[in-house]
Amino acid sequence: MNKPLRRIAIFCGLLILTLLIRDNWLQYVKADDLKNDEHNRRVAIARYASPRGDIIVDGKAITGHATTDGDFKYKRTYKDGAMWAPVTGYVSQVYGATQLEAIDDGILTGNDDRLFFRNTLDMITGKQKEGGNVVTTLNAAAQRAAYNGLKAQGGKGAVVALEPSTGKILALASFPSYDPSTIAGDGASDGEAWQKLQKKNNPADPMLNRALREVYPPGSTFKVVTAAAALEHGKYTDADAKTDTPLPWIMPGTTTPLKNEGNIPCEDATLRVALQYSCNTVFGKIGADLGNEKMLETAKKFGFTEEQFTPVRSSASVFSDDMNDSQTALSSIGQFNTAATPLQMAMVASAVANNGTLMKPYMVDELQAPNLDTIEKTDPEEYSKPLSAENAQILQSMMETVVKDGTGKNAQIPGVTVGGKTGTAQHGVENSENPYAWFISYAKQSDNSSPVAVAVVVEDENANRDDISGGGLAAPIAKSVMEAVIKSKK
C-alpha cells in the first residue's frame, strides 16, 4: 500500500474509533443523564403518566389530580388553591415546580429512592405506580382565618402562626395570591394565566410568598427584641423600674431628637409603660446604650441574619453590624436598616411565649408512602435560647399589658391571656409611602401553655394614612387566627 492510501486508511480508522468511543460514551456513561434530562419529552411524559401523591392538612388532601387528553395523562389540581399556594407552591407541566411541590417531588411522584422496593413490587404485580403524601403541620381553620382576614383588608400582606412548644407552622398566608390549578397544564389557557401572574404584568405580584420571601421594616414590633436585649444584658432587671430616659432624647453624635408618636408618657418610663405606649425614646436609647454588638447578638439569637428552611426557604431578616450609636438607636425601634419576614417576627413572639426557648419552624410533619407508611418524621428541634425563662416571663407580662391596657386591645380574647405588640413601620423615601401595619402576639391558656404565636403584616396603599396602625389593621387578624387555633384544640 502506498503512503497516501495508508494515511487515508489510518485516518478513517481513527474516525471509526472516535465514533465507537462516542457511541459507548452516550450509551453507557451518559445514559442516565440523558434519560432524566428535563428537556427529554419522554421524561415529562413518564412524570405525568401516573397520579401524583397529595399534600395533606388536618388529614385531608388539599391537592388532587385530573386526567387530560394530551401526551400528559395527569395534571395537578388544588382545593382552595389561592389560600394554600404559599404552602404548596405549584407543579406545572410547562413551568416546573416550586416550594413543597418541588422539595418533596420525589415522594409525590413516587420516584424517591426510598420507594424503590415498593415500586419494584408494583411493577411485578402490574399495579399502577402511585406517589406518596406530604403531611403538613398546618391548621386548616387557622389558615382560613389568616387568608380571609388579609383578603378582607383588600391590600397586601402576610400571616404566619407557629406552635411555640414545637415550632410547627400552623398558618402561612400571603395576599394577594393565585390558584396553582390555572397553570398546572400545558394548554393555551395555562400560558395566558401564567403571563397574567408575572410581576411585569401584575404589579400586585400574586406569586410572591410574602410570608417567607418579603422583608419589611418591622417597626415597633422589634421593640420586643430590644426589650429582650435590655433584660438579657442586665441593663434592666425589672419591668416596673424607671428607665433613665430624658425627654427629649438627642441621638448620639447628632443634634436630632428621637421623636415619639403623640403626647405619651415616655420620660423615664418603665419598660412596661414604654412597651405599652411604644416609646421610641426609651427603646432607641436602650439600643444606643447597649451598642451595635449586643443588639446584633440578641437579634441573631431570634433568627435574624440567617435564612430559615421550613423546608421552603425563607429570606434572611436583617439587623446590620458596623452601625454607629444613632443608627443602632433607629434600628432598635425597627427602622433604619432593620427588616424582617413575617416568619421571623412570629419566631420572636414564639420564643417569648415558650419561656425563652425558640424552636426551629417547620411545616412538614411526615412523608408517607402510597400505602400511608411513614417514610420520614420531623422531630421538633431547638433553634436557640434568646432569653432566660425568668426574663421571658417578664417580657410576657409586658406584652400582656400592651393587649390589656395599651395599643393591642383589638387582640383581646375573652377567657384567654394574650400578649402582643403593635407596629406601624415607616416606608418609602422620607416616610413618603403608607406605612406597614404590624402585630405580633401569642395566646396563653389557663394552664400557662401557649398553643399559638402569630405575626401579621398589612400593606394598604389605598388606606387613609391616619387610619393605618398595627392595632387597627393587623391585630384583628391575629385575634381571629389565635381563636381558630384555640377552638380547634378543644
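**Note on aromatic pairs and the cavity**

1. At 10% relative accessibility, Tyr 147 counts as buried (under 20% relative accessible area; exposed is over 50%, partly exposed in between, with a 1.4 Å probe and protein chains only). Phe 175, at 14% relative accessibility, counts as buried too.

2. This is a predicted model, in which local features need pLDDT of at least 70 and side-chain atom pairs count only at pLDDT 80 or more, while totals for chains, interfaces and linings use all residues. Residues are numbered from 1 along each chain as its sequence is written, and side-chain values use heavy atoms, leaving out hydrogens and water.

3. The count of aromatic pairs comes to eight (rings of Phe, Tyr and Trp, the last by its six-membered ring, with centres within 6.5 Å; planes under 30 degrees apart are stacked, over 60 edge-to-face, the rest tilted). The rings of Tyr 90 and Tyr 178 have centres 6.5 Å apart and planes at 75°, so this pair is edge-to-face. The two residues lie 88 residues apart in the chain, and both are buried.

4. Tyr 147 and Phe 175 also form an edge-to-face pair, with 5.8 Å centre to centre and 65° between the planes.

5. Ring pairs join Tyr 90, Tyr 95, Tyr 178 and Trp 194 into a cluster.

6. Residues lining the largest cavity include Arg 47, His 65, Tyr 74 and Leu 108 (a cavity is a set of points on a 1 Å grid over the protein atoms alone where a 1.4 Å probe fits but cannot get out; lining residues have an atom within 4 Å of a point).

Technical notes: On a 1 Å grid over the protein atoms alone, a cavity is a set of points where a 1.4 Å probe fits but cannot get out, and a pocket is an open set with protein on both sides within 12 Å along at least five of seven lines; lining residues have an atom within 4 Å of a point. Helices (H or I, at least four residues) and strands (E, at least two) are DSSP runs, numbered from the N terminus.
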